[in-house]
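Here's a walk through a two-chain model, piece by piece. Keep the viewer open and follow along.

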Amino acid sequence: MDKFDLIVVGGGPGGYVAALRAAQLGKNVAVVESTHLGGICLNWGCIPTKALLRASELNHQLHNLAEFGFSAEKVSFDIEKVVARSRAVSRQLSRGVAGLLKKAKVRVFDGRAKLAGRDGKAHVVAISKDGKETGRIAAPDVILATGARARHFPGLEPDGDLVWTYREAMVPKALPKRLLVIGSGAIGVEFASFYRNMGAEVTIAEVADRIMIAEDAEISGLAQKAFEKQGIKVLTGAKVGPLDRKDGTVSTRITTASGTTDLVVDKVILAVGIVGNVEDLGLEQTKVQIDRTHIVVDSFCRTDEPGLWAIGDVAGAPWLAHKASHEGVICVEKIAGLDPEPLHPLNIPGCTYSRPQVASVGLTEEKAKATGRKLRIGRFPFLANGKALAMGEPDGLTKTIFDAETGELLGAHMIGAEVTEMIQGYVIARTSELTEAELKETVFPHPTISETMHESVLAAWGGALHF
Amino acid sequence: MATNILMPALSPTMTEGTLSRWLKKEGDTVRSGDLIAEIETDKATMEVEAVDEGILGRIVVPEGSEGVKVNAPIAILVDEGEDVPDAVEAAPAKKAEPAPQTAARNASDQDASNRIAPARTASSQTASGQTASPSQAAPAGKRVFASPLARRIASQKGIDLATLEGTGPNGRILRRDVENAKPVAPEAAPAPRGAPVPGAAPAEARRVPNSSMRKVIARRLSESKQNVPHFYVSVDIELDALLALRSRLNAASPGEGDGQFKISVNDMMIKAVALALRDCPGLNVQYTEAETLHFPEIDISMAVSIPDGLITPIIRQADRKSLREISAEARDLARRARDGKLKPEEFQGGTFSISNMGMFGVREFSAIINPPQAGILAIAAGEKRAVVRGDQLAIATVMTATLSVDHRAVDGALGAKWLNALRDIVQNPYSLVI
């Protein structure tokens, strides 16, 4: 039985980053990955969807060239080639991860891992492939980074043909004409945006009273308006009835406060949350606590079982790759006896790559108000920003929320072009505990859309210059 | 080449001070040894002397600035014709020197971090170990790393960042460190006197920011009361013989001219205490964790009340000085203490203290030990009291003196023995003049 300093179960953005960091710190590390290095993020999530969304933006632009003085005829695309490019990007990156791990001398085991008791103080991990045990390895510390998968609802079970999860939605063989997206979190909204910009008729059904419930209400209202302007039908407070699958279509009745809508679509995408991959890991014989499919951990990713750690989606919200990677680093540094700073949930940015993009960090206005603090709120519309106008992207808003007493940036919320690339400025501000004074003093380059970040701060503190 | 003139530390405990006055203007030529500024600390005002020559290119810290951190650049010195650099950081540092420290200056050139040494530190051969007084622990001029938010909240709450331990990257002070700290200023002012007027807003207490001296007094005396186990011994001492001697001595003073003197009771008590310490040296000590230091010299700190506080200038080797010398010295020190002109070595490093409140007519009081010393004598007013002599009532001028002692270094019997020695000296005062 091979012995390691650390075994990482799962090679996604949490696991492989944890392995790389541990190798940097001189640890002898093993990664056990059942399917593909890079995990969902790289193979079936963040990255391939960005490739698809880029293609759909191009399609949108090719159909809206007149504004720029162009004309194009017979614009068409081949969905198979669009998907093929997305897959190629994923493959390239997955190979890149394999290369990084190899260079770091991390041993990668192909198979499923299951805890199999202890050998002295070390945890034993049994590896199996196609149901057959292929080997056992041991290490004093094991990080569980097994990720999560799409959540299923009774009556709304996916079938891979008419009712999809993200997995099928990412590799369509043909473009559905009519599409229902159930759920309006980042995943649902991104697919809705992709298919709409590729030309499908799209309906979003959201059970909550507004879409993108994690975002600031003002921003989610603007997003809904933008989607509706693009022709997406948005139903909020919506209860989706049974999915009736017949003759290659799906019929359902959706009930909202304003009545019922009978809908016939070619495909349904389920995007109603995720569940943690906690099964078949041998956790039953450990002290690990599980709460609603997620492993319970402390602020350094420790489970209740000594030597067992959990990071990323399986360890709870927010279900974001960058959160998983950062936890991987913190967790490994803790194991190595360093003194890492725990992860602060309010400093983790969230990004949605729909058209328009949405990005945020910290508290929403509603939650900021609930703290009882006196607030200063600034808003700056893209319409007043030179670069946004020049780009043909006049729809957008940068909103900042400050504590009026201390000048702390409580939250920042952005919607519009390129905001996912800009939010990090506010994340740095929060992480470094900057106040409005430093943000006001910062010289933002002109002309950029990032100037809206400056102006929004000025607006919160007595007056934007250009609005 | 442009150099920074840095805020000097006038004493080892000094971390910040007030730049009270510039004696040179921007553009003035500065020669080595010129006095360039006046700096006020918790205890004294001192003049700062230039080390290098050049032109005073820029005054960075305007006069009247309070809380200037030690080693912060206060001005930029440039060569003739040289441009003044914009950034203070760009200029290499040259420390300014407090003027009266000529003796210590050569040493400081070799060791910039220890450039100002009070006399007792410099003459460490007199009592090795004494320099390790707890009051000297704080490193002067330490740069404080704190997030902007932490700085803002600290200033809003009145918390001194220098007192906090940062938990952020590389010890950076973060918001949580400030929020976990207890505010220095009480949240609520004490209730105003008098019955509250119904419907009227309660009268605001007047808020007076603590001077740096108040803060030092607060810190040192709190440390003393918290860390030093005090015990107290009192004795009544008859003063008639001493007063009679004093009258005869003062009568011998020439009416005018240099030789004129006027011995006070306080002067005589300084000498008496010094002699009692010579007779009974067990109180002329300092307790440290590992050992107790016995000082061969008897240096008496006398508490002098000054505006908004007090200071303890030192009569060194008081046991070997004449009453006339002590009197002249005490008068001079007290005057300069009130003017804020004492040099650090004049108030740092005594071995025993006297606090005399006789002039206020108090019957008795006990004093807080002035660390790292082991004892202080509280002297109350002399007053006519009935005393019993043999079986007869008589009238005598009696003073109650209360000794406070560090019980870690001195036990009760020794304290009592010392007080008896003092009483014998005061009641038979000829030893004061022999």
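Let's start with one pair of facing residues: A:Val240 sits opposite A:Ile254, which belongs to strand E16 of chain A. Bear in mind that this is a predicted model. That pair is part of a two-bridge, antiparallel pairing between strand E14 (residues 239–240) of chain A and E16(A).

E16(A) has other partners too. Strand E15 (residues 244–246) of chain A runs antiparallel to E16(A), joined to it by three bridges, and here A:Asp244 has A:Ser251 as its bridge partner in E16(A). Two residues lie between the strands in the hairpin of E15(A) and E16(A), where A:Asp247 takes a positive phi near 50 degrees. Strand E16 (residues 249–256) also pairs with strand E17 (residues 259–265) of chain A, in the antiparallel sense and over seven bridges. A hairpin of two residues connects E16(A) to E17(A), and A:Thr256 finds its bridge partner, A:Gly259, in E17(A).

## A parallel sheet in chain A

Now for a sheet with parallel pairing. It's an open one of five strands, and its order in chain A is E4-E3-E2-E8-E22. Why do E4 and E22 each have one side without a neighbour in the sheet? Strand E4 (107–110) and strand E22 (308–310) of chain A stand at the edges, so each has a single partner strand. From one strand to the next, the twist averages 20 degrees.

Look inside the sheet and you'll find strand E2 (residues 6–9) of chain A running parallel to strand E8 (residues 141–144) of chain A, with four bridges between them. One of the residues involved is A:Val9, whose bridge partner in E8(A) is A:Leu144. Helix H1 (residues 15–24) of chain A lies across E2, E8 and strand E3 (29–33) of chain A, and runs at about 170 degrees to E3(A).

Which residues of helix H12 (residues 424–431) of chain A are buried? They are A:Tyr426, A:Ala429 and A:Arg430. Looking down the axis of H12(A), you'd see these buried residues fall within an arc of 95 degrees, so they line one face of the helix. Just past H12(A) comes A:Glu433, with a positive phi of about 55 degrees.

Over in helix H4 (residues 79–103) of chain A you'll find A:Arg85. Is A:Arg85 buried or partly exposed? It has 15 other C-beta atoms within 10 Å, so A:Arg85 counts as partly exposed. A:Arg85 and A:Pro48 are 37 residues apart along the chain, and their C-alpha atoms are separated by 8.6 Å.

## Chain B and where the chains meet

Chain B has 10 helices and 20 strands. Of its 434 residues, 38% are buried. Take the contacts in chain B between residues at least 6 apart in sequence: 65% of them join residues at least 24 apart.

An unreviewed UniProt entry lists residues 145–182 of chain B as "domain: Peripheral subunit-binding (PSBD)". Over that stretch of chain B, you get 42% helix and 0% strand, with the end C-alpha atoms 19 Å apart.

As for the two chains together, nine residues of chain A contact nine residues of chain B. The chain A side of this contact has two nonpolar, four polar and three charged residues.

Definitions and conventions:
Residues are numbered from 1 along each chain as its sequence is written. Chains are lettered from A and ligands numbered from 1 in the order in which they are written. This is a predicted model: local features need pLDDT of at least 70, side-chain atom pairs count only at pLDDT 80 or more; totals for chains, interfaces and linings use all residues. UniProt positions are given in the numbering used here, feature names are shortened, and annotations may be inferred rather than shown by experiment. Two strands pair if DSSP finds at least two bridges between them. Axes are lines fitted to C-alpha atoms, for helices over the stretch in contact, and angles run from 0 to 180 degrees between N-to-C directions. Two residues are in contact if their C-beta atoms, placed from the backbone, lie within 7 Å. A residue is buried if 20 or more other C-beta atoms lie within 10 Å of its own, exposed if 12 or fewer, and partly exposed in between; C-beta atoms are placed from the backbone. The arc is that of the directions from the helix axis to the C-beta atoms. Ala, Val, Leu, Ile, Met, Phe, Trp, Tyr, Cys and Pro count as nonpolar, Asp, Glu, Lys and Arg as charged, and the others, Gly among them, as polar.
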